[in-house]
Each structure stands twice: as structure tokens, then as C-alpha cells.
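I opened the model to look up a few surface and pairing details. My notes follow.

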Amino acid sequence: MSKLQDWLTERVDLGWVEDFMRSKVVPHHRHSYVYYSGGILLLLLGVQIITGTLLLAYYSPGEDTAFESIVNLVTKVPLGVYMRSVHSWSANIMVFFLFFHLFSILFYQGYRRPRELTWVGGFILLVLTLAFGFSGYLLPWNQLAVTATKVGTDSPGALGPIGAWVTILLRGGEDVTGITLGRFFALHVWGLPLLFFPLLALHLFLVQAQGMAVPPKIERKGEYSYLPFFPNVLYRDLAIWLVTLGLVITLAVVSPWTVGEKADLLAPTPERMKPEWFFLFLFQTLKLFPGNILGISGETVAMSLIILLILAAFLYPWIDRGAGEGKTPFLLRLAPYLALIYVIGMTLWGFLS
Amino acid sequence: MKLLWSFLAMIVPATSFAAEAVPPPRLGSLADRILFLFALWLLIVVLLVTLRWKISLADALFRMMPQTKKAQSKEAREEYAHQDASPRMAGGESRNTQNPAV
């Protein structure tokens, strides 16, 4: 082992990596459990890459082959059904932890100076992950997926000519067809990863360079210490990873993802159509608006409002400038809690309605 | 052809399409699945207990280190927090030599 290390060091001196590992510390306080959500996300991303690569070996994109290849995977390939289920369950759990990660940073004001860029990068990663979810949902080419994609790609149409152009760009025409499937497949396995991984690298670099943010209240009171990452925090990370992995595999075994019915492009859109759970709060918001508001289409007003709110969340570190000095206005302190209540409330309403 | 097929699907009784139905997924028997989950969680519990012991040991070793007490003092913490928030690319010194905790 030592000889191998010497051989390697002679060629590439990785001493700086060792130095970094030895010196890395993580703040330790009564809320430090929130730091583990980032690690869970990295684990789930790894699961996505491994299972996605295996699925890619059997999946065949195309109007006449996509559904059939999924049927082949789950009925003939050994453990194929579980590989697909682990991919789908881990994707859903990943989205859940992304929202947990986002809200924990909002609640503890982790976005405050000098971590604005980490927030912005993380926010784009969230949007890209949702795009992964949206594009991946269509790939099995079943009726539910096609209908959900029709509804989802229809939404930008409410934003005038630019929105209509986005709809056509996404669909590759007026309707959801085999061309849409090809586009979504290309996006899911190549286009989105091309954007996602460099941004993730930058996000991780910033997190390592700046360290974890300590919640302002705890920082002011000095009620925290530091723990070495190696091995103290790493062991804790490993324990949480084990439980998460166990949960994903258990869900895949107990409740495997179903194949559904093959998409029929001529079938009418079902009346009680619902998107995936992580888009339900947006879907329910759109349904709340009346058909017409002061001569403007209600859907256009709703979409514009949603885009404005997303933009505000994206630029939040610059809206809450006083966070670093503990001078956040009352309304801004309340905003993350209201947003969480709104997202949970609307999602539940969407499920039950 | 697709249009014709859809039209036929409307007028032909559903039973005619039994052959077209998706075969059941290859799940394995219920007993196999239960046994697999039992073995999986047994392994996870054993690994968790081992990790718990490793965490206690690592934390105890860290607390025993002579630098630790000094490093956890208010002054050292403030000094470190200041460096922690100053990215190295902005000209800050490497944490390797400045870190008071290790």
C-alpha cells in the first residue's frame, strides 16, 4: 500500500487533498442535523447515475419502442423492475430532500453574505432537478406520462408568443408526439447533465471554500463548536446514508413502480389529471385563478405571478440584505414560513381535490 | 394504421386484447422479498451499531486532543468563523495552517 502511495505521489502529489481532508471542519450545534441533507442529496444523485446508466442499457427511445423496452425491462431482465423502482423512488426522495435543503437554508439564513453565489447555484440546481423529473416522467411512454407532459408543456403557452414558442420547442411541434419523447430523452440523459454537473461542481467548491453557515442566532450566542469532518462527521454521514439507502430499496421492493398503459396519442385528456406531487402546488395555484382578470387571461396572470415569485426566491440574498447583521425585516423573516405552509397546503389540497 | 387501430379498439370487446396485456413484472416471490428486506435491515442495523461505536470513539479522541479545548474557546471560534467565511480564492490563507480545531 505504501509502495503504491509512493509510486502515485511521485507522479501526482495529492498531499493538498490529504491536507484539506485533515483540516476540514463542520460547525456543531443543536441544529447541525440540517447539514446532512446535502450529503443525502449527493448519495441520491449517485444512485440516480448508477441506476440511470443501467436503465439506459435496456431503454430504447421511440414512440414504438419506449414502452415495449420498459415492459421488457420489468418482465424479463433480472432485477430490472427493482432497478427502475430504485431510480424512480430515489428521484422522488431526492426532490423531497431538495426542498428540505432549500427551506432549511431559508430558515437559517444560510444564503446571507458571503454565500449568495452558493444560494443562486443551488437554486438553479433545484430547477434543473425538477426538469430532470419532468423529462424523465415521459420516458416510459405510458398514458399518464403523456397526459402529464401535455398539461405541463401547455402551461408556458399562457405567457404569450414567447411561451407558445417554448411549448413548441419542448414538444417539437404542436402536440406531444414521438418527437417530444426524443427531445425529452436527449435532455434527460445529456442536455441537463451537461448543465447540472459543472454547476454542482461549482456549488460544492463554494461550500468547501466558505464552510457551512451557522444559524445567525446560534452564531451570535456562540452556542456552537467545530467537529472534524474526517472521521467524526463522515461517520455520521455514512449512518444517515445507510438508512436512506435502506429506505429507497425497501420502497422499491414493497411498492415497485408500475408500467401503466401504453400511450395512445389519440385518447382524450382525462378531466381529473394531476401532475407529479412536486408540481402539485403550482398546478393547484393555476386552478385557483379565475378565467379572466381585468380583461387578461387568468392563466397568464397566474403564470406571470409564479415566475415573479420564483425570481424573487432566486434573488432572495439581495432582497434580505440585512440578514448578515441580523436586521431582517419582520415580513422577510416570516416569508419562508409562509412559503412552506403554502407549498404543503396547496400540495395536500391538490392531492385531496 | 394507428387511426384504424384506435377505431378497432373502440368497437372490439376488451377481452380480444387480452394477448396485448402487459405481462406481470418479475418481482420474485413474497417470501423472497420479505427475506431480502429482513437481511438488508439486519445488515443496516449491524453497520449502524458499528458506526455508532466508531462515532463515540472518534468524538472521545477528538475531545482528548490538547488543541481541542483551546480551539473550542470563544476567541478561537470567532477567529475560525471569520476565516471560514473568507474564501481562499479571495486571498484568504489556507485553512490547513489556520484551523484551530484540528
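I began with the cut-offs: a residue is buried under 20% relative accessible area, exposed over 50% and partly exposed in between, with a 1.4 Å probe and protein chains only. I noted that this is a predicted model, where local features need pLDDT of at least 70, side-chain atom pairs count only at pLDDT 80 or more, and totals for chains, interfaces and linings use all residues. Residues are numbered from 1 along each chain as its sequence is written, chains are lettered from A and ligands numbered from 1 in the order in which they are written, and side-chain values use heavy atoms, without hydrogens and water.

**Entry 1: nonpolar patch**

I looked up A:Trp16, which counts as exposed because its relative accessibility is 60%. A:Trp16 sits in helix H2 (residues 15–23) of chain A. Helices here are DSSP runs of H or I with at least four residues, strands are E runs of at least two, and both are numbered from the N terminus. A:Trp16 belongs to a nonpolar surface patch that also includes A:Met1 and A:Leu4. Together the patch residues have about 840 Å² of accessible area, computed by the Shrake-Rupley method with a 1.4 Å probe. Patch residues have over 30% relative accessible area and no salt bridge; nonpolar side chains (Val, Leu, Ile, Met, Phe, Trp, Tyr) are joined within 5 Å, like charges within 9 Å. Helix H1 (residues 2–11) of chain A gives the largest share, three residues.

**Entry 2: salt bridges**

How many salt bridges does the structure hold over all chains? I found seven. The term needs a side-chain nitrogen of Lys or Arg within 4 Å of a carboxyl oxygen of Asp or Glu.

A:Glu10 and A:Arg11 form one, at 3.7 Å from N to O. A:Glu10 is exposed, at 65%, and A:Arg11 is partly exposed, at 47%.

A:Lys262 and A:Glu68 form another, with their closest N and O atoms 2.9 Å apart. This pair links distant parts of the chain, 194 residues apart: A:Lys262 is in the loop between helices H11 (229–254) and H12 (280–288), and A:Glu68 is in helix H4.

I also checked A:Arg236 and B:Asp59, which meet at 2.5 Å, N to O. A:Arg236 lies in helix H11 of chain A and B:Asp59 in helix H2 (residues 30–64) of chain B, so this pair joins two chains. Are A:Arg236 and B:Asp59 buried or exposed? Both are buried.

**Entry 3: strands**

Strand S1 (residues 25–28) of chain A runs antiparallel to S2(A), joined by four bridges. A:His28 has A:Ser225 as its bridge partner in S2(A).

Technical notes:
Pairing = 2+ DSSP bridges.
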